[in-house]
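I opened my notebook for a friendly look around this structure.

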Amino acid sequence: MAEKSRYDRLFEPVPIGPVTAPNRFYQVPHCTGMGHALPQTLAAMRAMKAEGGWGVVCTEYCSIHPSSDDHPYPFASLWDDGDVANLAAMADAVHAHGALAGVELWHGGSYVANLATRAPTYGVRSALSRTDPVQSQRMDRRDIREFRRWHREAALRARRAGFDIVYVYPSHGYLVSEFLSRSYNERTDEYGGSLENRMRLMRELLEETREAIGDRCAIAVRFAANGHGDEHLSAEEAQHVVAALGHMPDLWDVVLADYDEEMGSSRFVPQGALEERVAYVRRVTGKPVVGVGRFTSPDAMLGQLQRGVLDLIGAARPSIADPFLPAKIRAGRLEDIRECIGCNICYSNNFRGSPLRCTQNPTMGEEWRSGWHPERVPQGDGGTVLVVGAGPAGLEAAQVLGKRGYTVTLADAADEAGGRVSRESRLPGLAEWARVRDYRVGQISRMPNVTLYLGNRLLAADVREFGADHVLIATGASWRRDGIGRWHARALATLAAGAVYTPDDIMDGRRPAGEILLFDDDHYYMGPVIAQLLAASGARVRYVTTEGRAGAWSLYTQEQERAQRALIEHGVAIEVNVALDAFDGTTATIGCIFTGRQRQCAATAVVLVTARLPDEALYRELCGEDDEAVTTPGAGAGAGHASVLRIGDCVQPALIANAVYSGHRAARELGGAAAVPRRDRVLVKSDSC
Ligand code: ADP
Ligand code: SF4
């Protein structure tokens, strides 16, 4: 008999209408950058969550009809029988592990631009799409009838594909929420005016979906419990909707009006932030409620149940970072949980139209493509490996190699492990990033075959002398101090060296004083975070960037607006679309990126957040320019030759996610032929081949 655990409540089955979730772990709908475009990749990824113990696994937003096409973002679709077959592959794969499969039926309304289908978009009024110069067609009564028919037909296809839970989705600014909006909805018929009328479409969809498939499928509704903002649907109005329609679905999936907050990064939003605003839904409806909160701690999950907030613990990101989170809680292996760090790199990929990936879990998205399993690695040949550098790349490589049975020595010049992750996690808002280090150091510390030596800077002679069979160089990168980056292809001619700082200087505790100009040509978090740090310590900071917004790339991680707001609130002066052209120690020259017109401003120090230089010195000393195998006189079984590979930022400075992935791939493939990842695509049958 299984031992009793304080977390048993998390593993109780939960009836949801006509179906029963096997436990309380619920992977809510989340985008993947796979959708209809990569059906096999998607099915294998979702199946991995089910294998890892998630009791319910849902799709991403799933278009019901070609009039809702979010191209180039790869949404799921249920337009025809082909889609039924492709999504059935996912539902079947999820069922194979005993989990329920859910599908989030979606119509984008005015939000989308239908770039692929070129069909007109529909809205409650003619409104601009989110990004394109395209307006929707105002829906007349006939259009509304058509839309309801499409929704019903998609629900029937969802049932045919084998889904157990089917969503109605009146949130996040999409079509049904347009009807709820007091601003967008200007109708004077039975669909406009009073709240009763504005929620008519939502009510009809709930009724019609139940009538069509409710015998076999549970009906879920994803609803912003705090409304959509006062000008659309106030918090009180949202409560009224919940009270009026509470009995209709089998499950309430509660979200927030503000997507930035609902899936806020750890830089700005703590765990469990939704509770206060969603807690009433369960009391009012008496139905099972699922909600998210970046929950990685089983005690935090239990708290949600005990306080009567949720019945099912919803997760997108924690299930991405660790598909086996439920299985690990079940087995009492809490120390093995790979906790999400809240960086939102996963989300950024959908926004870039590329498949999902994760900083913490390098196997995410590789389940089908590379055949990778997040918990299993192939056994190696038992040789010895020296890993130089214990940043995210080196740590990941060492822990994978340890699991593969190699004898691993990991050395780092610094007195702490983690490399850039340790340093960056001490910057404002980035503390959770240290989990990248902590998970891996925790794993390694329990492996007798992996030894970590800190405070050990290795020279080429040391590496040769060490005589390992394999050497992985993971020496990282450092920030440039010459101005070269996106904008400047050459070093700045006038740069008063003594007053030039880089992020490395700041992280090492060196602080400029006086009038500081920070030049951000990197465009992600580093520039704004350092500007904020310096301003918070009392300095006068001018933030200049070649982009149109502060930390512009963080639009993809849903952080940009908060980042810019934080700078404004810290009194940082922001200048966009300009580059630093010169700095003589007292004056900085900045130039407009469009006209080249220059002007000068007072500056006693500049901080350059431009590009990084890979630290490949050790690798080059060992291998020269030809990447030769290195001769190691001390090598035993390797007969004097070691394979030498570079991983992480010393090959290609990039995101932490890239460094972890690079370390993982190298370690997984060490000693064998590198596998060529599969490509998920339609293959045209040709008679001639
Ligand atoms: P990555 O992101 O690729 O893992 P990091 O910059 O985070 O790279 O980490 C690189 C690590 O390598 C740093 O902790 C640094 O101290 C270490 N390092 C660099 N050169 C050497 C060396 N010659 N010997 C030992 N450690 C080194
Ligand atoms: Fe969490 Fe970052 Fe992974 Fe997303 S990419 S799941 S936020 S660790």
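Predicted model: local features only at pLDDT ≥ 70, side-chain atom pairs only at ≥ 80, totals over all residues.

**Ligand 2 and its shell**

I began with the helices and found that α12 gives the most to the shell around ligand 2, with three residues.

Next I listed the surroundings: 13 residues surround ligand 2. The closest are C340, C343, N344, C346 and C358. By type, I sorted the shell into eight nonpolar residues, four polar ones and one charged.

Where does ligand 2 sit? I looked it up, and ligand 2 is in the largest cavity.

**Cysteines**

How many disulfides does a search of the whole structure find? My search came back with zero. I then checked two cysteines one by one.

C592 is in no disulfide, and the nearest cysteine sulfur, that of C601, is 14 Å away. A disulfide needs the two sulfur atoms within 2.5 Å.

Is C592 buried or partly exposed? I wrote down partly exposed, because its relative accessibility is 23% and buried means under 20%.

C650 is likewise in no disulfide. For C650, the nearest cysteine sulfur belongs to C623 and is 11 Å away.

How values were computed. Residues numbered from 1 in each chain as written. Chains lettered and ligands numbered in written order. Heavy atoms only, no water. Near = heavy atom within 4 Å. 1 Å grid on protein atoms, 1.4 Å probe; cavity = no way out; pocket = protein on both sides within 12 Å on 5 of 7 lines; lining within 4 Å. Sits in = over half its atoms within 2 Å of the grid points. Helix = DSSP H or I, 4+ residues; strand = E, 2+ residues; numbered from the N terminus. Nonpolar A, V, L, I, M, F, W, Y, C, P; charged D, E, K, R; others polar. Buried < 20%, exposed > 50% of the residue type's maximum accessible area, 1.4 Å probe, protein only.
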